[in-house]
Every structure is written in C-alpha cells, then in structure tokens.
Amino acid sequence: MNKQAAVLFDLDGTLLDTAPDLGAAANSVLEQHQLKPLSLAQARQLSSHGAIGLLKAGFGSSWEQQPQAELRQQLLDYYQQNICQGTDFFPGIKQALQWLNQNDIPWGIITNKPEGLSKQLLRFFPEFEQSAVLIGGDTLPQRKPDPAPMLLACDTINIKPDRCLYVGDAERDIQAGNNTNMTTLLALWGYLSEQDQFEQWAADLHCQKSEHLEQTISDWLDDL
C-alpha cells in the first residue's frame, strides 16, 4: 500500500445521509405555503441540489414567481436549528474512516454546504475530529465544480492532486475532481436520481454500496 496519498470526500449524500433533515427543512417552508410536502424518497434524490433544488421541486411551476432568496434563507434557518435530528453515517462509512486513520491516510471534506453549517453538523460526530481539512461552499468565492476548493484542500494537507482520491455522489463532484487530476470515485449509494446519466460523468471508479468503500479505497491505494 502506498501511503503518500489522501482521500477527500463530499459530505451530504456521500459520508452522511442528511436528506431526512434537509427534507424536513424544505417541508417546513412548503407547509407555510399550503403546499404538499416532499417525501423522503424525493428528498434523497434532490438533496444534492441544495436548498434551491428542494424548494423548486416543492413549489413546482410557481417557483419562478417566488421570493427565492427569502425562501432559501427560511429553509436554512430551520435546518440550522434542527441540523442533526435524523442525520447519520451511511452504512460502512464510519468503519472506512477508522481504517484510514489506522493506516495513517489523511482524509478531509470538500462540500458545497456552507462552511458554518458543515462545522455545526460535524460536531455531532466525533469521527470527524480526525478530518485533516474542511472546505465549505463559501470558504472561497468559487465552489465545486470549480477546481479552486480542491486545490486549496491539497495545499492544506500538502499532497498533490494526482495522489488524491475524491469521493462524491454528484456530477459536480466528479467534474471538480477530474478538473484537478484527482482520481474520482462516484458514490452510487448517494443522492442520485433516475434522470442522472452518471455513466457519462467520466468517473474513474464507481462504488455501488457504502459498505464497500473501505475495500475500494484500499484497492486504489494498492494500484498507486
């Protein structure tokens, strides 16, 4: 195993299943407007698209006529106040992070979730104390798929991008990793919808189940 490498992760839909809480936040806004709530299945498919994606689905054809920034802030305010009611690790993720720690493989998080909300959420899970870097969606003026957050993470942990594996569940994750010459791994257990043509995203690796992530990372390290 080559240890001169690092693993970087997206957060929502990759490490943590945050859809129950994001969906509840969206439904709190929809309820105020007498609109039908999103199901958990819908929330799982939409959470990668953030607050706007959830609200747009809930408001439907009337979304363009709404005060979008105001509604987004209402969702985020509710989410901040109820940030970890139903959120938890996907199966096998905690064990994969423990394995990385045991093998002295640095790892970190690059997410489009605002940095403040990310830090607030991660405090609920002691496993994240070992994270070497956290880059949020507002840490820099740029966010994924722009390469800037990826490069900042590499600079922070002092490892070149071509020695990094980036794991994410959205097209922008794969684009961001590919744009910086990282090896990209598509987390197929995440928040993908039936409309996502992920075969065209040009990920280097696919992992079907979160329980298989540890082995997939180990195999990647062996091939370096």
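Contact means heavy atoms within 4.5 Å. The views below come from a predicted model, in which local features need pLDDT of at least 70 and side-chain atom pairs count only at pLDDT 80 or more, while totals for chains, interfaces and linings use all residues. Residues are numbered from 1 along each chain as its sequence is written, and side-chain values use heavy atoms, with hydrogens and water left out.

**View 1. Surroundings of Phe-9 and the nonpolar cores.** Leaving aside residues up to four places away in sequence, Phe-9 touches Thr-14, Leu-15, Leu-97, Leu-100, Trp-107, Gly-108, Ile-109, Ile-110, Tyr-166, Val-167, Leu-213 and Ile-217. A nonpolar core is a set of buried Ala, Val, Leu, Ile, Met, Phe, Trp, Tyr and Cys residues joined through side-chain atoms within 4.5 Å. Buried means under 20% relative accessible area, exposed over 50%, and partly exposed in between (1.4 Å probe, protein chains only). The largest core has 53 residues, and Val-7, Phe-9 and Phe-128 have the most contacts inside it. Helix α1 (residues 19-32) gives the most to this core, with six residues. A second, separate core of 14 residues includes Ala-6, Leu-8, Ala-176 and Met-182.

**View 2. The aromatic cluster.** Rings of Phe, Tyr and Trp (its six-membered ring) pair if their centres lie within 6.5 Å. Seven aromatic pairs are found in the structure. Phe-9, Phe-89, Trp-107, Phe-125 and Phe-128 are linked by ring pairs into a cluster.

View 3. Side chains of opposite charge can pair when their charged atoms come close. A salt bridge is a side-chain nitrogen of Lys or Arg within 4 Å of a carboxyl oxygen of Asp or Glu, and the count is six. In the bridge of Asp-12 with Lys-113, the closest N and O atoms are 2.7 Å apart. Asp-12 lies in the loop between β1 (6-9) and β2 (16-17) and Lys-113 in the loop between β4 (107-110) and α6 (115-122), so the pair ties together parts 101 residues apart in sequence. Helices (H or I, at least four residues) and strands (E, at least two) are DSSP runs, numbered from the N terminus. Asp-12 is buried at 10% relative accessibility, and Lys-113 is buried at 8%.

**View 4. Further salt bridges.** Glu-115 bridges to Lys-119, with the closest N and O atoms 2.9 Å apart. These two residues of helix α6 are four residues apart, so about one helical turn separates them. Lys-119 is partly exposed, at 38% relative accessibility. Elsewhere, a network of salt bridges links Asp-10, Lys-144 and Asp-173.

Definitions and conventions:
Rings of Phe, Tyr and Trp (its six-membered ring) pair if their centres lie within 6.5 Å; planes under 30 degrees apart count as stacked, over 60 as edge-to-face and the rest as tilted.
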